[in-house]
Amino acid sequence: MDAVNRLGGGSPVVIFSKSNCCMSHSIETLIRNFGANPTVYKLDELEKGKKMEKALIQMGCNPSTPAIFIGKEFVGGSDEVISLNVKGMLKELLIKANAIWV
């Protein structure tokens, strides 16, 4: 779990995904449409990806991908990010994290 938190806090926006996960791609596209440039870690392409996936599940992300960190904080999965967007709060989080500027 330490590696996940370390990587999750390494950039304003971090997405843990899998290369074959359509929701990961959708969340990445949503965030990029705000002008942010997320760091994306594809678990199925990382040497310790399986271990990180288990850590994400322990953190409450089920399914394990996508898992999103914004401003060094674990936001959750696709449901949480979409909910934030619908409530108009996603842009505010991205601004607060210095991922985008207005």
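User: Does Glu53 count as buried or exposed?
Analyst: The relative accessible area of Glu53 is 16%. The cut-offs are under 20% for buried, over 50% for exposed and in between for partly exposed, with a 1.4 Å probe and protein chains only. Glu53 therefore counts as buried.

User: What kind of model is this?
Analyst: Residues are numbered from 1 along each chain as its sequence is written, and side-chain values use heavy atoms, with hydrogens and water left out. Local features need pLDDT of at least 70, side-chain atom pairs count only at pLDDT 80 or more, and totals for chains, interfaces and linings use all residues; the model is predicted.

User: Which residue meets the side chain of Glu53 in a salt bridge?
Analyst: A salt bridge needs a side-chain nitrogen of Lys or Arg within 4 Å of a carboxyl oxygen of Asp or Glu. For Glu53 the N to O distance is 2.7 Å. The partner is Lys18.

User: How many residues apart in sequence are the parts that Glu53 and Lys18 tie together?
Analyst: Helices (H or I, at least four residues) and strands (E, at least two) are DSSP runs, numbered from the N terminus. Glu53 lies in helix H3 and Lys18 in the loop between S1 and H2, so the parts tied together are apart in sequence by 35 residues.

User: Where do Glu28 and Arg32, the pair of another salt bridge, lie?
Analyst: The side chains of Glu28 and Arg32 meet at 3.0 Å, N to O. Glu28 counts as buried at 18% relative accessibility, and Arg32 is partly exposed at 35%. The two residues are 4 apart, about one turn of the helix, and both lie in helix H2.

User: Which residues does Glu28 touch, leaving out those up to four places away in sequence?
Analyst: Contact means heavy atoms within 4.5 Å. With residues up to four places away not counted, Glu28 touches Ile15, Pro38 and Val40.

User: How many disulfides does the structure hold?
Analyst: A disulfide is a pair of cysteine sulfur atoms within 2.5 Å. The sulfur of Cys22 is 5.8 Å from its closest cysteine sulfur, in Cys21, which is too far for a bond. The sulfur of Cys61 is also too far, at 9.7 Å from the closest one, in Cys21. The number of disulfides is 0.

User: What is the area of the nonpolar surface patch made by Met23, Ile82 and Val86?
Analyst: Patches are made of residues with over 30% relative accessible area and no salt bridge, where like charges are joined within 9 Å and nonpolar side chains (Val, Leu, Ile, Met, Phe, Trp, Tyr) within 5 Å. Areas come from the Shrake-Rupley method with a 1.4 Å probe, and for residues only the protein chains shown count as cover. One member, Ile82, is partly exposed at 38% relative accessibility and lies in helix H4 (residues 78–86). The patch area is about 270 Å².

User: Which peptide bond is cis, with omega near 10°?
Analyst: Most peptide bonds are trans. Pro63 is found in the loop between H3 and S3. The cis bond runs from Asn62 to Pro63.

User: What is the phi of Lys72?
Analyst: Most residues other than glycine have a negative phi. Lys72 is found in the loop between S3 and strand S4 (73–76) and is exposed, with a relative accessible area of 61%. Although Lys72 is not a glycine, its phi is positive, at about 70°.
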